[in-house]
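Please brief me on this chain, with its confidence, its annotated regions, its strands and its surface contacts.

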Amino acid sequence: MVAERPSGLRAHDLELFAAGFEWIAAVSLAAGAAAVGYLAYKKFLSKDKCCKAMVNLHIQKDNPKVVHAFDMEDLGDKAVYCRCWRSKKFPLCDGSHTQHNDETGDNVGPLIIKRKEA
Ligand code: FES
């Protein structure tokens, strides 16, 4: 004979209820731990480059590194170099930074090298 509680639940029913509750708690804990692990992986370990912003969108994309070198003697009195990577005359500035700044809210501008006036 199975003992019956005043609420009408038998001890076996309570054990089943407790086991179900423990199972739900375990699944919730595992799901939470998996979510935290996934977010930590994405933040610190993932090599996924799809979501990182690129500075260079179209200049010499077939080169592993875009490098320009000039001799100081060849610069003349003034040289204006692009730092926004949007110039059609890269590495020289063509004023494209103005449109880039208007569209993005950025504040980039050129590097200007000029000879000191004597
Ligand atoms: S066009 Fe790039 S800084 Fe002017």
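The briefing below goes by topic.

This is a predicted model, in which local features need pLDDT of at least 70 and side-chain atom pairs count only at pLDDT 80 or more, while totals for chains, interfaces and linings use all residues. Residues are numbered from 1 along each chain as its sequence is written, and side-chain values use heavy atoms, with hydrogens and water left out.

**Confidence**
- The chain has a mean pLDDT of 87, and 88% of its residues reach 70 or more; pLDDT is the predictor's confidence in each residue, from 0 to 100.
- Helices (H or I, at least four residues) and strands (E, at least two) are DSSP runs, numbered from the N terminus.

**Annotated regions**
- UniProt, in an unreviewed entry, lists a "transmembrane region" at residues 20–41.
- Residues 20–41 are 100% helix and 0% strand, with the end C-alpha atoms 31 Å apart.
- Residues 65–103 are 21% helix and 10% strand, and their end C-alpha atoms lie 27 Å apart.
- UniProt positions are given in the numbering used here, feature names are shortened, and annotations may be inferred rather than shown by experiment.

**Strands**
- Strands S1 (residues 78–81) and S2 (residues 111–114) run antiparallel and are joined by four bridges; two strands pair if DSSP finds at least two bridges between them.
- Val-80 has Ile-112 in S2 as its bridge partner.
- On S1, Ala-79 and Tyr-81 make up the covered face, and Lys-78 and Val-80 the uncovered one.

**Salt bridges**
- There are two salt bridges, each a side-chain nitrogen of Lys or Arg within 4 Å of a carboxyl oxygen of Asp or Glu.
- Arg-10 pairs with Asp-13, with the closest N and O atoms 3.7 Å apart.
- Asp-13 is partly exposed at 25% relative accessible area, and Arg-10 is partly exposed at 35% (buried is under 20%, exposed over 50%, partly exposed in between; 1.4 Å probe, protein chains only).
- Asp-77 pairs with Arg-115, with the closest N and O atoms 3.5 Å apart.
- That pair links distant parts of the chain, 38 residues apart: Asp-77 is in the loop between H1 and S1, and Arg-115 in the segment after S2.
- Asp-77 is exposed at 59% relative accessible area, whereas Arg-115 is partly exposed at 48%.
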